Amino acid sequence: MGMVVHDDLRVEVGRVLAAAGVGAQSRLCCALSGGVDSVSLFTLLCTLQADFGYALSAAHVHHRLSPNADAWAAACAGRCAQVGIPFRLLRVTVARDHPGGLEAAAREARHAALDSLDCDWLVFGHHQDDQAETVLFRLLRGAGVHGAAAMAAFDRCRPAVRPGRLRPLLGVRRAQILAWARAAGLHWGEDESNADTRYTRNALRHQLLPVAERIFPAAVPALARAAENFREADALLDELAALDAAACGGGPWSRSAVLALGAARLGNLLRWQLRRGGALAPSRARLVEAVRQLHVADADTPLRLVLGTWACCAYRDALWLEPDEAAAAPAARDWRGEATLPWGAGEVVFEPTLGAGLSRARLSGAGAVRLEARRQGMKLRLDWRRPRRSFKNLCQEAAVPAWLRARLPVLWVEGEPVWVAGIGVAAEFACAAGEPGVIPRWRLSGADPARGSG
Ligand SMILES: Nc1ncnc2c1ncn2[C@@H]1O[C@H](COP(=O)(O)OP(=O)(O)OP(=O)(O)O)[C@@H](O)[C@H]1O
């Protein structure tokens, strides 16, 4: 393209790529908005391709919001065609009723579309001024350490799930990029919404930050440095949470071990686990309240505390987090005498006994034995001398909370329940004295409930 290439920007982008471990086998996709930042980035990535040997492509998200959106998309497509770089146009539909407003809805749709691309790294044009704005924005909304850490120059996001994110210009000032782009003779678009101070981010950029810079001339690099400090502290908190999670039993934690942690550490553990599960961060008030309730509930009370889109559950000595909509019952399974069967977040263990639990003879004389959730209108007789009672009644008596009922494993023989976890064995199938039997036990262990298995 016959442009002047200033070495400083090229060196900086190359430094970040090398630090992230980008090499000849890497597939990079440049998120190309058509603005000066991503156009400069795209140009630099094209230049550096010879040094690194990576495969480069570009993608533009068409939000269908602005009347100029088609022109932006066409400009991006044209730019890629000119230099022979594969280009993807991603059309998204932005929710008009998003609780965070149109800007947040557009961002969410944009990131979801980009995440679906088949590449190792998505490369963004964020720079140091964006970083400073992000830090300030988040602090003004009461962020914690994780939020105030803002953006990383690179995050290797769960390789199998979504591409990593690279921001090679994060240490570069906006003015530097602009000067570089002008010197390089680039052409780019100006986003009409950037001048619109109705959007909070733009108000921050055009009104708040200029005032801060008048008083603190180094406000932008200082805020970017603060983000790095927060990032370091955040990594330490994550390490602490990982240690605490392991010490509390890995998968479903031991409730007593979790409650032995101080309130701040317990909150840190919950936040960490929620982030790993991809949950939105709960509000501080909600989290503090959940920690308080966990502490005041007596050890045997089952708990289900909603934390935003997830819930923190405790039953007996197990404590775990799961998506809030996961009220669905675990998958049914046939029992053919196995020692254990998986059940949702845990398993059902069949312990051999003598004169207790379910009669082996009766079970083997019956048809198919199936582990399944409760069924509508089911009844169970625990005692010969008493009538059959409804599942609901039995649950109430055994203090099994409503949310847990759909998850209780039930052993069914020919359409009749013969065992219900936490409740007992049907009198018809009870083992007589001295007779070989089996006791099923529901154990919340094994699989990680936060992964929502079963
Ligand atoms: N429509 C788009 N299509 C492709 N990439 C885009 C688009 N808009 C923005 N990007 C990418 O995101 C970077 C940051 O853009 P911008 O500052 O407008 O977004 P933001 O909303 O502040 O950031 P973020 O989306 O990360 O929250 C751009 O440099 C570009 O790499």
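The legends below describe several close-up views of a predicted model.

Residues are numbered from 1 along each chain as its sequence is written. Because the model is predicted, local features need pLDDT of at least 70 and side-chain atom pairs count only at pLDDT 80 or more, while totals for chains, interfaces and linings use all residues.

**View 1. The shell around the ligand.** The ligand is surrounded by 14 residues, the closest being Ala31, Ser33, Ser38, Val61 and Gly125 (a residue is near a molecule if its C-beta atom, placed from the backbone, lies within 6 Å of it). Two or more residues of this shell come from each of helix H2 (36-52), strand E2 (55-62) and helix H4 (102-115), where helices (H or I, at least four residues) and strands (E, at least two) are DSSP runs numbered from the N terminus. Strand E2 gives the largest share, three residues.

**View 2. Serine 33 and valine 36 at the annotated site.** Under "binding site", an unreviewed UniProt entry lists Ser33, Gly34, Gly35, Val36, Asp37 and Ser38; such positions are given in the numbering used here, feature names are shortened, and annotations may be inferred rather than shown by experiment. Serine 33 sits in the loop between strand E1 (27-31) and H2, and counts as buried because it has 20 C-beta neighbours inside 10 Å (buried means 20 or more other C-beta atoms within 10 Å of the residue's own, exposed 12 or fewer, and partly exposed in between, with C-beta atoms placed from the backbone). Apart from neighbours within four places in sequence, serine 33 is in contact with Ser38 and His60, a contact being two C-beta atoms, placed from the backbone, within 7 Å. Valine 36 belongs to helix H2 and is also buried, with 22 other C-beta atoms within 10 Å; when residues up to four places away in sequence are not counted, valine 36 touches Ile177, Leu178, Ala181 and Trp188.

**View 3. The bend in helix H8.** At leucine 208, H8 bends by about 35 degrees, and proline 210 follows within four residues (the bend is the angle between axes fitted to the seven residues ending at a residue and the seven starting there).

**View 4. Positive phi at two loop residues.** Alanine 150, in the loop between helix H6 (145-148) and strand E5 (154-155), has a phi near 50 degrees, a positive value in a residue other than glycine, and is buried, with 26 other C-beta atoms within 10 Å. Arginine 316, in the loop between strand E9 (310-315) and strand E10 (318-323), has a positive phi of about 50 degrees although it is not a glycine, and counts as partly exposed, with 14 C-beta neighbours inside 10 Å.
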